[in-house]
Amino acid sequence: MKKRYSFTLLAVSLLVATSCDNKEPENTASETIETYNYVARVDLDDPSEPVIKKGYYKFGFDFVNSNISIATDRVDLGNDKEIGFTTETFKFSQELVFGFGDNMEYGQYVYHGFDQFPCTASNDMQVTDLRFELSPIFYMPPEISYIKDPESPLPQPDLSYKARAGSAPKIRYVVGDEYKVYTFWPDLYYCGVTDTEVIGNSESAFKSQDVGYRIKFDINKKKAQVVLYNVQFNPQMPLMECLILPDLDVQFTHNGFVIEASNINPLYIEGGKIMENPRFPFTTFSFIAEDNMVEGRCDFTVAGRFHGSFVGEYMKFVVR
């Protein structure tokens, strides 16, 4: 099984910014990237829910001096408050990474940096502690299609994927003394290592790097569609293209999200149609991504027979 990766290279367009008419390489470059802002209160006792809205950030690179500036014109803080800001230039670093994928023959640059100095936002609030990481290496789910049946009583979930453009930005900063802002994408595909075993039989331990976990959010409804791809919990178990857990409740916390559910009959695809799979009900299911949301962990029991755990990430993230 081959995973799909995005190597849409900001690193090529930025780092090797040469033209086709033999001019000298460009020393500067800029890129505007779409993402979502996740705005939470600094005060952990504040009951306010995070504000999650689409946003954009413009990265301006000076490669000669290893400087960068980051700008955005609209961050919704909630309660009719919005800000924009542009940082002063600050130093960035780059790491050549050869991750993700066994036939990857070349590296990609991951950019990261920390702005030590505050800047003033459009409403005179201070933006501080800004850290960023910009990676062109991130996972994308496999393409799966089926024929939707409007007569079926079962959900007919949308498995299409809107590919993010360019690189995956991971940015976090503090606004005033009240707000902390993270960036994330509302359709995340985590890959890593899944460990499973037959409950009560430690000799049945089975490890897989092929299972992928997709979390597709409906932010307004606080729901998530969870799709497990390339599913196999035991060598004797048939390999399934996917298992779908639709409409699970999501708790958006001060620094990420938590999904917990129980007694779910997953959906799967057979003969090009959505079917229910009562053979492999998820007795328990938990997926947690907090602290940076890049890294996720999952724990589940299936059919009262298998116990599984997963640890992985959705992008190559070099600074922990």
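This is a predicted model: local features need pLDDT of at least 70, side-chain atom pairs count only at pLDDT 80 or more; totals for chains, interfaces and linings use all residues.
Colleague: Which residue has its C-alpha atom separated by 5.2 Å from that of Val42, although 137 residues lie between their positions along the chain?

Modeller: Val42 is found in the loop between β2 (28–41) and β3 (51–62). Beyond its neighbours up to four places away in sequence, Val42 touches Val174, Asp177, Glu178, Tyr179 and Lys180. The C-alpha separation of 5.2 Å, at 137 residues apart along the chain, belongs to the pair of Val42 and Tyr179.

Colleague: Is Val42 buried, partly exposed or exposed?

Modeller: The relative accessible area of Val42 is 35%. Buried requires under 20% and exposed requires over 50%. Val42 therefore counts as partly exposed.

Colleague: Which strand gives the most to the lining of the largest cavity?

Modeller: The structure holds 1 cavity of 30 Å³ or more, and the volume of the largest cavity is about 30 Å³. Its lining includes Phe138, Tyr161, Arg164, Asp187 and Tyr314, and by class it has 6 nonpolar, no polar and 2 charged residues. At least two lining residues come from each of β10 (138–140) and β13 (187–198). With 3 residues, the strand that gives the most is β13.

Colleague: How far apart are the closest N and O atoms in the salt bridge between Glu34 and Lys54?

Modeller: The search of the whole structure finds 12 salt bridges. Among them is the pair of Glu34 and Lys54, which links strand β2 to strand β3 across 20 residues. Glu34 is partly exposed at 23% relative accessible area, and Lys54 is partly exposed at 38%. The closest N and O atoms of Glu34 and Lys54 are apart by 3.1 Å.

Colleague: Which residue forms a salt bridge with Lys207?

Modeller: Lys207 is exposed, with a relative accessible area of 55%. Lys207 lies in strand β14 (residues 206–208) and the partner in strand β13, so the pair ties together parts that are 12 residues apart in sequence. The closest N and O atoms are 2.7 Å apart, and the partner is Asp195.

Technical notes: Residues are numbered from 1 along each chain as its sequence is written. Side-chain values use heavy atoms; hydrogens and water are left out. Helices (H or I, at least four residues) and strands (E, at least two) are DSSP runs, numbered from the N terminus. Buried means under 20% relative accessible area, exposed over 50%, partly exposed in between (1.4 Å probe, protein chains only). Contact means heavy atoms within 4.5 Å. On a 1 Å grid over the protein atoms alone, a cavity is a set of points where a 1.4 Å probe fits but cannot get out, and a pocket is an open set with protein on both sides within 12 Å along at least five of seven lines; lining residues have an atom within 4 Å of a point. Grid points are joined across faces, edges and corners, and a volume is the space filled by probe spheres set on the points. Ala, Val, Leu, Ile, Met, Phe, Trp, Tyr, Cys and Pro count as nonpolar, Asp, Glu, Lys and Arg as charged, and the others, Gly among them, as polar. A salt bridge is a side-chain nitrogen of Lys or Arg within 4 Å of a carboxyl oxygen of Asp or Glu.
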